[in-house]
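Thanks for coming. Please have a look at the model on the screen, and then I will go through a few points.

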Amino acid sequence: MDPADAGRATTGPGSPELGYRGQRLGLPETGPGSMATTGRRVVALFIDWIAAMIISRALVGEPTSTLESFATLGIFALEVTVLTWLWGSSFGQRLVGVRVVGRSRRLGLVASALRTALICIVIPPLIWDADGRGLHDRAVDSVVLRG
C-alpha cells in the first residue's frame, strides 16, 4: 500500500481496504459503542414488527384485512419513532442490545420520524455504505451502535 493512502477509507478495485465498519466514523472495532451488526438490526426489526402485529390484531382484529395491515404499519411507525426519540432505541433494539444515536447530537423527534418513515418504505435500509449505515441513517446522520 502506498504511504499516501494510509488512513484513507475507500473500497473498490485497486483501492486500499476499508478496515472495519465504523472506522471512518471514529468508532471502536468491537464492544459497546461499535457498529451494530446487520443480524442484530434485522432481529430488532422483526421483534418490532411482530409487536406491532400483536397490538394491531388486538385493536383491529381480522388478520387478513387491509385495515389491519395499515394499522400494523402505523403502530410500528409510532412505536419506533417515539421510542427511538425517547430511549434511543425501539423495543426490539432494546431487547437485542443496540441503540440509535445522532452523530453530532441526540436524535430528535423529527429526525426519528424521518428515519422511521424511510424504514417503512423499505428501500432506504437496503442501500448502505461501507460503514453499514443505510440511507435512512445517512439522511438523519445517525448510527446504530452496540449496547
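Val-122 is partly exposed because its relative accessibility is 48%, and partly exposed means between the limits for buried, under 20% relative accessible area, and exposed, over 50%, with a 1.4 Å probe and protein chains only. This is a predicted model, where local features need pLDDT of at least 70, side-chain atom pairs count only at pLDDT 80 or more, and totals for chains, interfaces and linings use all residues. Residues are numbered from 1 along each chain as its sequence is written, and side-chain values use heavy atoms, with hydrogens and water left out.

Where does Val-122 sit? In the loop between helix 4 (109-120) and helix 5 (123-126). Helices here are DSSP runs of H or I with at least four residues, strands are runs of E with at least two, and both are numbered from the N terminus.

Now the backbone. Most residues other than glycine have a negative phi. Val-122 is not a glycine, yet its phi is positive, about 70°.

Asp-141 also has a positive phi, near 55°, and is a residue other than glycine. Asp-141 lies in the loop between helix 6 (135-140) and strand 2 (142-146). With a relative accessible area of 26%, Asp-141 is partly exposed.

Finally, the whole chain. The protein has six helices and two strands, in the order α-α-α-β-α-α-α-β from the N terminus. Of its 147 residues, 39% count as buried. Take contacts, meaning heavy atoms within 4.5 Å: among those between residues at least 6 apart in sequence, 56% join residues at least 24 apart.
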